[in-house]
Amino acid sequence: MGLHPYCIVPAGHEPPSGLAGLFGKPVRPLGAGPFLVWASEAETPPRQDLDSISAHHAVVVAAMDRTTPLPVRFGGWSAGDGELVARIVDRRDELAEALETVRGRIEFGVRILEADRPEAAAPEPPEAPYRDGRTYLRELARRQAVQRERRVLQDELTERLHRSVERFAHDERVRPLEAPGLVACAHLVHRGDEERYRSAVRAFAHAVGAGCRVHVTGPWPPYSFTS
Amino acid sequence: MAERTSLAEHDELTLVELVNRVADRGVVLGGELTISVADIDLLHVNLRLLLCSVDRLQRLELGNGTAAASSSVREGGA
């Protein structure tokens, strides 16, 4: 029987009895070197739909109640116990280091979006019928200037956010976003520092003013700090 | 009203963050992922359409006359 893995935890952290995963199947622990991997039976890899993704996440969140797990990316189906355990044991040093990094910590996400602007809502015309070469080049230059301004703004916001939360964020991942998004950041925060971290992000949002919208999500299992 | 809109947007973004994390991050333990979700950020305006099923996007892209539908989804978020 195949297995769908959810997360890797230090040995000794068993799933709660009655915990169900995908397809309502019970989640059971498999020993893999110094770790346990929480998994449930699945004849085939599950479809990547929202219900399955939510069910996967719910099991990882249950693990967060007991320890800080390494979440497994959705889609890591194995044909059987032996194959799954071997995949983990083969990487035991790397996984032990990752578990040490996330121990006692949780992840938050910050997403910075452009404030609503009428011109931002209108999609760019795909291929405008330019009257001549000069019009085309002018339009090209305009678009490049907009892109340069966006990159400068993204860098500035990233740096300001970093300075705002660095006291509480042990690690950080930054991703630029396409419009109307600007930047998405993930922060690894000590358990117990949640409220101080949130206050720091609120202060950042207040400081950047009405030009941007700032959303915080979390706490999350440390998905962004495990690879 | 503005607050309700903001809450709805926050719920949508939480879903985007969820899907990005679960399907695109975490320890990779083999297996085959059927679709890249890297474009989900482009899609948050049309999130409800997409997140009915990521698989549905694949079908949209593969079906007849769907290039326009797929493109409009992407540009809707761009």
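The legends below accompany close-up views of a predicted model.

In this predicted model, local features need pLDDT of at least 70 and side-chain atom pairs count only at pLDDT 80 or more, whereas totals for chains, interfaces and linings use all residues. Residues are numbered from 1 along each chain as its sequence is written, chains are lettered from A and ligands numbered from 1 in the order in which they are written, and side-chain values use heavy atoms, with hydrogens and water left out.

**View 1. The open sheet β2-β3-β1-β4 of chain A.** Four strands with antiparallel pairing make up this open sheet, in the order β2-β3-β1-β4; strands are DSSP runs of E with at least two residues, helices are runs of H or I with at least four residues, and both are numbered from the N terminus. Two strands count as paired if DSSP finds at least two bridges between them. The edge strands are β2 (28-32) and β4 (70-71) of chain A, each of which pairs on one side only. Helix α1 (residues 50-64) of chain A packs on the sheet and touches β1, β3 and β4 of chain A, its direction making about 20° with that of β1(A); touching here means a contact, with heavy atoms within 4.5 Å, and the angle, on a scale from 0 to 180 degrees, is taken between N-to-C directions of lines fitted to C-alpha atoms, for helices over the stretch in contact.

**View 2. Pairing of β1 with β3 in chain A.** Strand β1 (residues 3-10) and strand β3 (residues 35-41) of chain A run antiparallel and are joined by 7 bridges. Val9(A) stands opposite Leu36(A), which lies in β3(A).

**View 3. The open sheet β6-β7-β5-β8 of chain A.** The 4 strands of this open sheet follow the order β6-β7-β5-β8, with antiparallel pairing. Because β6 (169-176) and β8 (212-220) of chain A stand at the edges with a single partner strand each, one side of each is left without a neighbour in the sheet. Strand β6(A) is joined by 7 bridges to the antiparallel strand β7 (residues 181-190) of chain A, and Arg175(A) has Ala184(A) in β7(A) as its bridge partner.

**View 4. Tyr136(A) in helix α5 of chain A.** Tyr136(A) is placed in helix α5 (residues 133-165) of chain A. This residue is partly exposed, with a relative accessible area of 38%, where buried means under 20%, exposed over 50% and partly exposed in between (1.4 Å probe, protein chains only).
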